[in-house]
Amino acid sequence: MLRHAIAPARRYTKASHDVVRHPCLNSDAKILLLYVQGLPDADASAKSLSEHAARLGITGRAYQRAKQLLADSGYLHEWRWQGERGRWITEQLLANVTLTREGAGVVREGGCPEPLGPSVPPVSPSAQPRTVGRPRGREVGGSYPDKNVGEDLSHLPPEAEPTAESEPDGAPPSGPEVAEAERVLLSLRHVSRELLLGVREARGLADAAAEWLRRGVSVAELRLALTAGLPVEGVRSAAGFVRHRLVQKLPAVAEVVPVAGAGVGAEALVTCEGPGDEHVFRRVGEERECGRCRVAAAVAAGREGVVRGVPWRERVAGVTAGAAGAVG
């Protein structure tokens with residue numbers, strides 16, 4: 001492929017390769033971002049992002065898709081609040097570098113935060129502090145004795161024993177409810193980017209979230225309780241916000257209400273007192289015989305129409321057994 005390019009001397013916009021080659025942004029999102037970044041400050045702040053997109057012919061679902069991609073990648077941030085007269089006001093921030101929610105808040109207040117992602121210049125290796133030891137001259141010939149016998153190791157720092165705090169991911173979850181609760185907490189970022197939790201933060205809150213599951217709350221209900229009704233001014237600390245809701249909105253323990261007319265034995269399987277020990281049934285009330293034996297006794301006594309509510313299989317078996325008993 002041939003290429004011919006002339007650097008413009010005026011009327012141009014500086015575009016970072018991180019934006020142009022971003023794998024998660026489509027062409028509409030990139031063009032919209034570069035277009036707004038190239039506008040003067042007065043023209044950029046006078047209109048909303050949707051008005052700028054309409055100027056480029058990006059409307060409808062195409063605009064919604066481009067806006068969502070910019071927000072998911074950290075280039076677009078929004079704040080909504082209700083004014084004095086009850087009208088909702090939306091403030092938008094579009095940056096050419098990825099910013100966290102906290103960083104976007106610093107920009108909103110007039111500060112200059114540190115960007116994230118590949119836009120951050122790497123630190124020179126020479127600026128990194130040495131891990132252990134001090135520089136020594138190069139030695140030629142020979143070799144070190146086995147196990148560094150005779151070598152002075154006083155300059156080395158003592159080895160620190162591993163502790164629970166040194167583990168990058170914390171202690172592993174214990175119990176199925178805790179593991180399931182940790183997965184729910186880590187999935188909150190898919191509902192709202194403001195609720196992005198790290199692995200250590202999720203494990204620290206897993207016990208409190210597991211208590212919800214132990215009290216009969218489903219996974220979907222727990223996720224809805226933690227993500228519904230987020231503050232319009234945004235969430236400053238995802239871990240603090242989730243911890244507050246887990247404690248304040250913890251549901252009460254569900255009480256088991258006994259069913260009227262059902263005794264203690266209604267939930268257990270019992271053995272029929274009739275002939276044979278294979279007639280196992282679920283007793284209701286003071287019954288002592290299964291449906292098959294009751295039908296057989298009714299047929300033998302000539303009262304086959306008296307038994308009601310018995311399944312047809314037991315009724316057929318009982319009629320056969322009663323007829324056989326009558327003949328015998």
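Start by selecting glycine 74, which follows helix α5 and has a positive phi, near 90 degrees. Helices here are DSSP runs of H or I with at least four residues, strands are runs of E with at least two, and both are numbered from the N terminus. This is a predicted model, in which local features need pLDDT of at least 70, side-chain atom pairs count only at pLDDT 80 or more, and totals for chains, interfaces and linings use all residues. Residues are numbered from 1 along each chain as its sequence is written, and side-chain values use heavy atoms, with hydrogens and water left out.

Next, select α5 itself, residues 60-72. Colour Tyr63, Ala66, Leu69, Leu70 and Ala71, the buried residues of α5 (buried is under 20% relative accessible area, with a 1.4 Å probe and protein chains only). They pack against α2 (27-37), α4 (49-55), β1 (76-82) and β2; contact means heavy atoms within 4.5 Å.

Now show β1 and β2, which run antiparallel and are joined by seven bridges. Strands count as paired if DSSP finds at least two bridges between them. Tryptophan 81 has isoleucine 89 in β2 as its bridge partner. In the hairpin, five residues lie between the strands, and glycine 86 takes a positive phi near 90 degrees.

Finish at leucine 94 in β2 (residues 88-94). Is leucine 94 buried or exposed? Leucine 94 is buried, at 16% relative accessible area. Beyond its neighbours within four places in sequence, its contacts include Leu32, Leu49, Leu70 and Tyr75. Its C-alpha atom is 6.7 Å from that of histidine 77, 17 residues away along the chain.

Conventions
Buried < 20%, exposed > 50% of the residue type's maximum accessible area, 1.4 Å probe, protein only. Expected span 1.5 Å × (residues − 1).
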